[in-house]
Amino acid sequence: MHRTRIKICGITRPGDAVAAARAGADAIGLVFYPPSPRAVTLRQALDIVRELPPLVGVVALFVRAEPARVREVIDALRPSLLQFHGDEAVEDCEAFAHPYLRALRMRPGVDLLDLRLRHAHARGLLLDAFVEGYGGGGEVFDWSLIPTNVGSPIVLSGGLRAANVAQAILRVRPWAVDVSSGVESAKGVKDVAAMREFVAAVRAADAAAQRADTAPPAGR
């Protein structure tokens with residue numbers, strides 16, 4: 001059975017990182033974009049990562065950051081993945097020889113297949129809603145905009161929460177889901193119960209997907 005991976009993004013406190021891991025998150029996201037209300041300093045990030053239990057990934061998110069800043073974070077934090085959430089070119093994303101996700105803000109007219117071809121070395125594509133500014137909009141986009149033949153692992157983001165993540169998984173069948181505002185009590189402050197509910201909803205959706213995939217054809 002495919003197990004949908006879970007990334008809880010916008011972590012700002014060590015306790016929230018530990019709670020996310022205990023709830024069942026596969027990875028946490030740390031935002032290195034100062035205008036974001038969920039941004040962390042490198043010192044904060046190091047404090048968070050020190051508290052993480054083993055085998056939990058760390059994703060460092062950037063928006064048009066200076067290369068020196070990205071290298072500083074890589075050297076100090078050794079994140080599992082980088083996430084480029086702005087309009088970075090292919091060469092900007094690949095300049096660090098480090099695994100990365102390429103984020104794309106979805107709206108009608110966006111050519112996802114072209115982006116996938118240009119970012120052929122990305123570990124996956126993270127699809128978010130198009131909002132003014134970058135990230136953290138908490139808006140759901142039209143999932144029908146996602147082609148069925150993307151050919152790259154999809155990390156689905158954008159307005160997900162316990163109430164709609166099962167529908168998203170059954171519709172899109174992503175490799176992973178990414179949540180931030182959907183498990184918060186305030187911006188940058190995660191709610192333990194909401195994280196548990198979100199993970200439980202993902203696992204229930206995986207079970208439902210398995211049943212649908214193995215059910216005999218109607219009439220047999």
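This is a predicted model: local features need pLDDT of at least 70, side-chain atom pairs count only at pLDDT 80 or more; totals for chains, interfaces and linings use all residues.
Local features need pLDDT of at least 70 and side-chain atom pairs count only at pLDDT 80 or more, while totals for chains, interfaces and linings use all residues. Residues are numbered from 1 along each chain as its sequence is written, and side-chain values use heavy atoms, with hydrogens and water left out.

Start with strand β1, residues 5-8, which runs parallel to β8 (residues 176-179) and is joined to it by 4 bridges; two strands pair if DSSP finds at least two bridges between them. Here R5 sits opposite A176. β1 also pairs with β2 (residues 27-31), again parallel, over 2 bridges, and I8 faces I28 there. Helices (H or I, at least four residues) and strands (E, at least two) are DSSP runs, numbered from the N terminus.

H119 turns up in the loop between α5 and β6. With a relative accessible area of 2%, H119 is buried (buried is under 20%, exposed over 50%, partly exposed in between; 1.4 Å probe, protein chains only). Its contacts, meaning heavy atoms within 4.5 Å, include E88, C93 and Y100.

As for charges, the structure holds 10 salt bridges, each a side-chain nitrogen of Lys or Arg within 4 Å of a carboxyl oxygen of Asp or Glu. In helix α2, R50 and D47 lie 3 residues apart, and their closest N and O atoms are 2.9 Å apart. R50 is exposed at 54%, whereas D47 is partly exposed at 32%. Helix α7 holds R203 and D206, which meet at 3.1 Å, N to O; D206 is buried at 4%.

Methods: Lists of a residue's contacts leave out its neighbours within four places in sequence.
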